[in-house]
Amino acid sequence: MKRHLTAVLALVTGMLAVSAPAHATPAAATPAVTTQANQQVLSPTPYMGWNTYYALGGDPTDAEIRSTADFLVSSGLRDAGYKYVWIDGNWAAPTPRSEAGDLVPNPDQFPDGLKPVVDYIHSKGLKAGIYTDAGPYIPGKCGLGSNGYYQRDADQFAAWEFDAVKADYLCGIAANLDPKTVYTQFAQALRNNASKRPMIFNLCNPVTSPDWGNYPEEQQSTYSWSYAPAIAQSWRTYTDVGFVGEIKYKDVLRNYDANARHPEAAGPGHFNDPDYLGPELGMTDEEFRTQMTLWSAAAAPLMIGSDIRKLSKTSLATLSDPDVIAINQDPAGVQAVRVGPAGTTETWVKRLANGDRAVVLLNRGDIPATLTTKASSVGLSGNRFTLKNAWTNQVTESAGTISAAVPAHGAALIRVGRATGKLGLPHVVAGLPQVTQVGSDAVPAGSAPLAAGGDQVRVEVNVRNDGTQPVLTPRVELTVPAGWTARPVGKAPLLLTTNHSATLAFTVTLPGTAAPGSATLTAATSYEVIGKGRQRQDTSTGLVVAPAAPHGDVALSHHQWISATSGWMSPTVDLSVGGWSPISMLGQVYPTGIGVASPSTIRYYLGDQCSRLTATAGIDDAVRNVGPEGGTSTFQIIGDGKVLFDSGVLSRDDVRQADVDLTGVRVLDLVVGDAGDGGYNDRANWAGLNATC
């Protein structure tokens with residue numbers, strides 16, 4: 001989504017130059033970014049808290065909000081910094097205003113009104129936030145609207161003693177208003193509230209093209225940066241990061257990339273907002289840790305979208321990690337920028353107030369990787385550097401290389417500063433176990449490996465020394481599941497000098513009865529450091545073991561897939577995506593198939609057991625009931641990395657028949673793309689999917 005300019009951008013006076021994102025305008029050409037003149041800085045660092053929307057959706061209640069406030073305290077999240085309890089949409093009555101013009105809470109949800117809830121939140125040492133829309137109330141478009149009542153609503157929110165206001169734009173866009181004009185008017189009303197109460201202002205314009213359709217640039221969220229810093233403490237930079245109850249990793253990356261376009265707009269008291277944190281709403285623990293890393297480096301508000309009362313200890317620990325939060329809350333308020341090219345792996349750097357750098361090594365890919373950058377590339381000079389891994393708390397010393405073993409969909413967050421005094425523990429990176437060969441076939445670059453019962457695979461562990469002194473007798477022990485065998489290949493070196501690495505390999509044999517699913521390979525890497533004894537690092541990675549291959553004439557939609565993704569919601573079997581209707585294209589209903597939204601990949605293991613696949617690809621008739629925007633996709637059938645069928649771009653008025661030779665195919669991918677215009681209305685179908693095996 002992003003490219004880079006070769007020009008550099010000075011984010012804050014005194015910051016060493018680093019390369020700026022392509023969408024970041026060089027400083028001389030940017031519109032003036034001012035601060036809230038003569039106003040108290042309400043949020044000098046990004047605010048933190050919890051919001052009702054993704055967890056509770058519509059109709060949050062008094063009891064749910066009190067219960068969540070209690071949990072913020074008892075879990076330690078409040079003391080970690082999460083202090084805002086923000087009531088999002090659907091709090092108002094079905095008729096949201098009284099005859100006098102005042103906003104009215106829904107009595108079924110808030111029988112005593114909002115003031116007692118706010119008082120309860122405050123009694124817990126927390127702050128309270130509320131939601132409205134900057135447009136006029138238009139039934140069916142938004143739950144309430146403040147346009148025409150800005151001062152009245154600002155006074156009412158202040159009288160209820162709210163500490164923050166979020167203003168959506170659903171009815172704003174429906175009324176074709178200019179967001180800069182109306183948000184500026186609302187901001188003025190909030191500042192001039194009758195109670196003179198300070199209230200944080202969050203602009204929530206989620207309108208983006210092509211996701212929402214085609215809108216002028218000035219009406220989109222991607223334009224807010226040009227005026228919002230002067231009137232608000234934060235502003236959304238893209239569309240929603242997910243749906244109620246669902247936040248996916250791919251959308252986290254999409255919103256992060258959009259949020260990175262204008263880092264120069266961020267600073268103490270005014271921050272780019274990529275939307276909420278989503279632990280356990282569709283991401284793995286690793287993927288959520290990546291979101292937390294990226295949001296912290298971006299100086300983004302940390303608002304939790306999940307139901308915190310149901311989170312695991314792992315998620316709570318991720319949310320409350322003090323070193324990660326300290327990077328987010330750094331008083332300089334600088335947003336990270338990318339150094340080097342965009343790609344599957346990337347480096348991002350954030351200057352900290354004391355001159356240190358927070359460095360993110362991001363792995364967007366599907367396989368683990370050891371990622372590196374140089375201290376000089378992130379604006380530091382010298383020949384000795386202290387590296388602290390914010391997630392593991394490991395502190396090491398490097399001669400100038402910043403490196404980490406990063407899992408698939410993972411990110412390392414390392415605080416880097418100049419080292420002084422006695423030599424520290426050398427920075428040694430123990431790589432994650434990586435499958436490089438299955439049988440006699442090399443695993444294609446960038447592809448997640450797949451093994452089946454009876455396979456023999458090659459596993460490699462790379463060990464590199466980026467420290468300031470050599471390490472002795474590096475060793476790796478590989479632990480595999482019960483019934484598997486692991487045999488070392490070759491010998492380990494006796495010495496690993498500075499800026500050198502060694503790869504230790506194993507042959508791993510799976511039993512024929514290996515259970516399908518994800519198996520864990522764990523490497524115990526140890527080495528001797530003179531004067532500091534033997535050190536050990538444990539790293540683990542997963543290997544997918546395939547289910548049995550299909551047999552006979554089968555509908556693949558009824559066979560167990562290895563993995564399946566959908567642009568929104570989840571793939572549905574024998575139904576259009578979402579599961580609301582049968583698969584139907586051009587008026588014909590198909591009894592079997594898979595419904596997805598773009599982009600999507602569905603992977604099957606065929607194990608060289610199938611000879612033919614027939615299918616019909618197209619856009620579901622459900623999109624005929626919506627607007628003309630979007631509704632275009634591409635369809636590909638890929639066997640072992642080779643394209644066997646390509647539909648070209650299909651609209652809602654096209655279908656394509658596929659008849660594919662599967663001879664020799666081990667792994668089959670069904671891939672749907674968005675045809676270059678985003679995923680708007682892309683309800684795509686693979687109908688039939690009849691395989692001969």
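Helices (H or I, at least four residues) and strands (E, at least two) are DSSP runs numbered from the N terminus. Angles run from 0 to 180 degrees between N-to-C directions, and axes are lines fitted to C-alpha atoms, for helices over the stretch in contact. The model is predicted: local features need pLDDT of at least 70 and side-chain atom pairs count only at pLDDT 80 or more, while totals for chains, interfaces and linings use all residues. Residues are numbered from 1 along each chain as its sequence is written, and side-chain values use heavy atoms, with hydrogens and water left out.

Six strands form an open sheet in the order E15-E16-E17-E22-E19-E20, with antiparallel pairing. Strands E15 (337–339) and E20 (395–398) are the edge strands, each pairing on one side only; two strands pair if DSSP finds at least two bridges between them. From one strand to the next, the twist averages 35 degrees. Three bridges join E15 to strand E16 (residues 345–351) in the antiparallel sense, and Val 337 stands opposite Val 349 in E16.

Leu 311 is placed in the loop between strand E14 (302–304) and helix H10 (313–319). Leu 311 has a relative accessible area of 10% and is therefore buried (under 20%; exposed is over 50%, partly exposed in between, with a 1.4 Å probe and protein chains only). Apart from neighbours within four places in sequence, Leu 311 is in contact with Pro 279, Glu 280, Ser 306, Leu 316 and Leu 319, where contact means heavy atoms within 4.5 Å. Leu 311 and Glu 280 are 31 residues apart in sequence, and their C-alpha atoms are 7.2 Å apart in space.
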